[in-house]
Amino acid sequence: MRRDALGSGCHASTFCMKSPAQSLAMQIREAFPPVSRPPDAELTVHGSDCFHCSALIDEFKDERGGTFSPECARWLIGELSLLSPSGFRWALPSYLAAVFADDADQDLGEFLAYHFCGDLRADEAAEREARVRVLSEGQIDCLIQVLHLVRSNLGSVYFSDVDEAITYLNLRKTMLAEKAGAGQPATLPEAKS
Ligand SMILES: [Zn+2]
């Protein structure tokens, strides 16, 4: 069953050289050079002692390359919060690419937004911050643009959730830009002392 995930955008792409989705997919490939997959013990936040984390590790046991398919990206729907920062950095470009796949599952875009909005427990919020901290300004910008595209193309998403996610990421991007402007290494926010 093939779903027209990008709505009218798909029709536009037959007339334009490059659709917004295609140029964004290219920008994602440039902003996210593939990184090595973390070992199983470092893929998730809690490791194999946790029921949920060990289930995710098991699903990704055969995915050892720099990228994985949109089919595998579906295993992460609603589970992005189980990824460690290095697991998140490894998985994110493949996940974002899956949002644009021809038969994209709309849940991929929706749950990307849900990951960056809502009230979290303090420990969950800290884990999410740690995930965002491994990203560069350009990578966060890709995330924001993907969410804008999700917002404009996938009508089933609650706009307020996507807007909250975009606001959250814009703030992190601004913080990174300010740090870079102050000449501090943007990837080491704690290295003050
Ligand atoms: Zn866990």
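User: What makes α6 a bent helix at Ala91?

Analyst: α6 bends by about 40° at Ala91, with a proline, Pro93, following within four residues. The bend is the angle between axes fitted to the seven residues ending there and the seven starting there. This is a predicted model, in which local features need pLDDT of at least 70, side-chain atom pairs count only at pLDDT 80 or more, and totals for chains, interfaces and linings use all residues. Residues are numbered from 1 along each chain as its sequence is written.

User: Why is α6 called largely enclosed?

Analyst: A residue is buried if 20 or more other C-beta atoms, placed from the backbone, lie within 10 Å of its own. In α6, 12 of the 15 residues are buried, so the rest of the structure largely encloses this helix. Among them are Phe88, Trp90 and Tyr95.

User: Why is α6 called oblique to α7?

Analyst: The two helices pack at about 130°, with axes 8 Å apart. Angles under 35 degrees count as roughly parallel, over 145 as roughly antiparallel, 65 to 115 as roughly perpendicular and the rest as oblique; therefore α6 is oblique to α7. Tyr95, Ala98 and Val99 of α6 meet Leu108, Gly109 and Leu112 of α7, contact being C-beta atoms within 7 Å.

User: Which residues of α10 are buried?

Analyst: Val162, Ala165, Ile166, Leu169, Lys173 and Leu176 are buried. The buried residues of α10 pack against α7 and α9.

Definitions and conventions. Axes fitted to C-alpha atoms, helices over the stretch in contact; angles between N-to-C directions. Contact = placed C-beta atoms within 7 Å.
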